[in-house]
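Here's a quick briefing to read alongside the model. Have the viewer open and follow along.

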Amino acid sequence: MAEIKLDDKPIRNESCHMEELDDEVLLYNPTNNKTLYINKSASVIWQLCNGELAVEDIITMIQEAYPSDDNGLRQDILDTLNSLAENDAVTLA
Amino acid sequence: MPTRNLSFGDSSIEIVTHSDETTDLVNMLFKGVPDKGINPPHARLEISQDRDEEYRLTRDEKQIYKGDSLAALANSLMDTSIYNLADKCSSGLLFHAACLSWKGKGIILPAQSGHGKTTLSAWLLSNGFDYLTDELVYLPLESRQAMCFGRPLNVKYGAREIIDDLLGENKDDESIVAGPVAMLVPPGLVRADNKTVEPEVDMVFFPHYRADAEFSLEKLSAAQTGMALMSCLVNARNLAGDGFPATVSLARKIPSYQLTYPDFEGVLGTITGLLDER
């Protein structure tokens, strides 16, 4: 899997189905028959992957929406995008 | 020519035989499977015997098995029948799971092969549960009413010692079909008064046999249940939204547990205790 770049514009896999169950979210990918168990933040990131926003834009939007002193947020977003890409839920372009 | 229809969910197939021996085999293997369905058969399986007396199983004239072993024919016929019934099933959720009933309350044990579904089912059967299937469970959409593919217990040889203990003096009964990789054991040999019912599913247990583990029972969240059920959904591609919304809807309604066990000690009391509380 290629290293994610800040100017990549990830595109979510539109064949995936998302369902929210209380505070948890499932993302089912019928193309590989895998179900991902993700949190709500990850589901927001997946929904922002529209092919127009760059990774840097997504990070900025989430940092603005959830202001925090936590320096780990940026890395969490990158890790989430990597995980989504590894499971074919998004394509990096 | 004797013809036996098999119906499961909204899918039907027909099996044509040409001898008393193979007709008896079909009747024994599919004793618990209904013959009347909503839709006409979409596939025709035929068992014939060549001049050299070898058995030949075909599906719509394509050869599936040819050989001189009745037991191997039985295994092939079972696998082919299940595949063809599942292939066209589109009006409900079809799970790779065992199903049993305790005092009218249904449980399903969804798992892939090798997780111990059959052995656990046989043991629960010997302890008073009614055995319904160790392979396929059909749930109509938005319903918990289980329809089960009522086949004999499909026992892998690795579990033979345990099953022989449960069978007792029936362990050499001639109705047991000993195939190359597994033996098919009529549930009535384990407990004679086993009843075939169609219960509502009250609980889900995901069984995981691990010789080196300690017994544990973990309550699963709806999301964990949905994820685990999706991995056992057989007919996703036939359903709206790949069966995901319907599976998640089911996961919200039914309490589910991950059951890890190194042996059967504690399993019976745990499951019956939970069911009796409901």
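This is a predicted model: local features need pLDDT of at least 70, side-chain atom pairs count only at pLDDT 80 or more; totals for chains, interfaces and linings use all residues.

What follows goes through the chain contact, the domains, the helix pairs and the sheets.

Residues are numbered from 1 along each chain as its sequence is written, while chains are lettered from A and ligands numbered from 1 in the order in which they are written.

**Where chain A meets chain B**

- Chain A puts ten residues into the contact and chain B puts in 14 residues; two residues are in contact if their C-beta atoms, placed from the backbone, lie within 7 Å.
- On the chain A side, strand 2 (17–21), strand 3 (24–29) and strand 4 (34–39) each give at least two residues. Helices (H or I, at least four residues) and strands (E, at least two) are DSSP runs, numbered from the N terminus.
- That side of chain A has five nonpolar, two polar and three charged residues. Here Ala, Val, Leu, Ile, Met, Phe, Trp, Tyr, Cys and Pro count as nonpolar, Asp, Glu, Lys and Arg as charged, and the others, Gly among them, as polar.

**The two domains of chain B**

- Chain B splits into domain 1 (3–87) and domain 2 (93–277), with bounds from an automatic or database domain assignment.
- Between the C-alpha centres of domain 1 and domain 2 of chain B there are 24 Å.
- Their contact draws 13 residues from domain 1 of chain B and 20 residues from domain 2 of chain B.
- Helix 1 (20–29) and helix 2 (70–87) of chain B each bring at least two residues to the domain 1 side, and helix 2 of chain B has the largest share, with seven residues.
- Sorted by class, the domain 1 side comes out as ten nonpolar, three polar and no charged residues.

**Helix pairs**

- In chain A, helix 1 (residues 40–48) packs against helix 3 (residues 72–86) at about 70°, with the axes 10 Å apart. Axes are lines fitted to C-alpha atoms, for helices over the stretch in contact, and angles run from 0 to 180 degrees between N-to-C directions.
- So helix 1 of chain A is roughly perpendicular to helix 3 of chain A. The cut-offs: under 35 degrees is roughly parallel, over 145 roughly antiparallel, 65 to 115 roughly perpendicular and the rest oblique.
- Helix 1 and helix 3 of chain A make a right-handed crossing. A crossing is left-handed if the near helix is turned anticlockwise from the far one by less than a right angle, and right-handed if clockwise.
- From helix 1 of chain A, Ala42(A), Ile45(A) and Trp46(A) meet Ile77(A), Thr80(A), Leu81(A) and Leu84(A) of helix 3 of chain A. That contact divides into six nonpolar, one polar and no charged residues.
- Over in chain B, the axes of helix 6 (residues 222–230) and helix 7 (residues 244–253) come within 8 Å and cross at roughly 135°. Helix 6 and helix 7 of chain B are therefore oblique to each other, and their crossing is right-handed.
- Among the residues in this contact are Leu229(B) and Met230(B) of helix 6 of chain B and Phe244(B) and Val248(B) of helix 7 of chain B.

**The chain A sheet**

- Three strands of chain A make an open antiparallel sheet in the order 2-3-4; two strands pair if DSSP finds at least two bridges between them.
- Strand 2 and strand 4 of chain A are the edges, each pairing on one side only.
- Strand 2 and strand 3 of chain A share five bridges, and Met18(A) has Leu27(A) as its bridge partner in strand 3 of chain A.
- Helix 1 of chain A lies across strand 2, strand 3 and strand 4 of chain A, at about 115° to strand 4 of chain A. Helix 6 of chain B also packs on this sheet, touching strand 2, strand 3 and strand 4 of chain A, and its direction makes about 15° with that of strand 3 of chain A.

**Strand pairing in chain B**

- An open antiparallel sheet in chain B has the strand order 11-13-12, with strand 11 (153–156) and strand 12 (177–178) at its edges.
- Strand 14 (residues 200–209) and strand 16 (residues 256–261) of chain B pair in the parallel sense over six bridges; Phe205(B) is partnered by Tyr257(B) in strand 16 of chain B.
- Strand 15 (residues 216–219) of chain B pairs with strand 16 of chain B in the antiparallel sense over four bridges.
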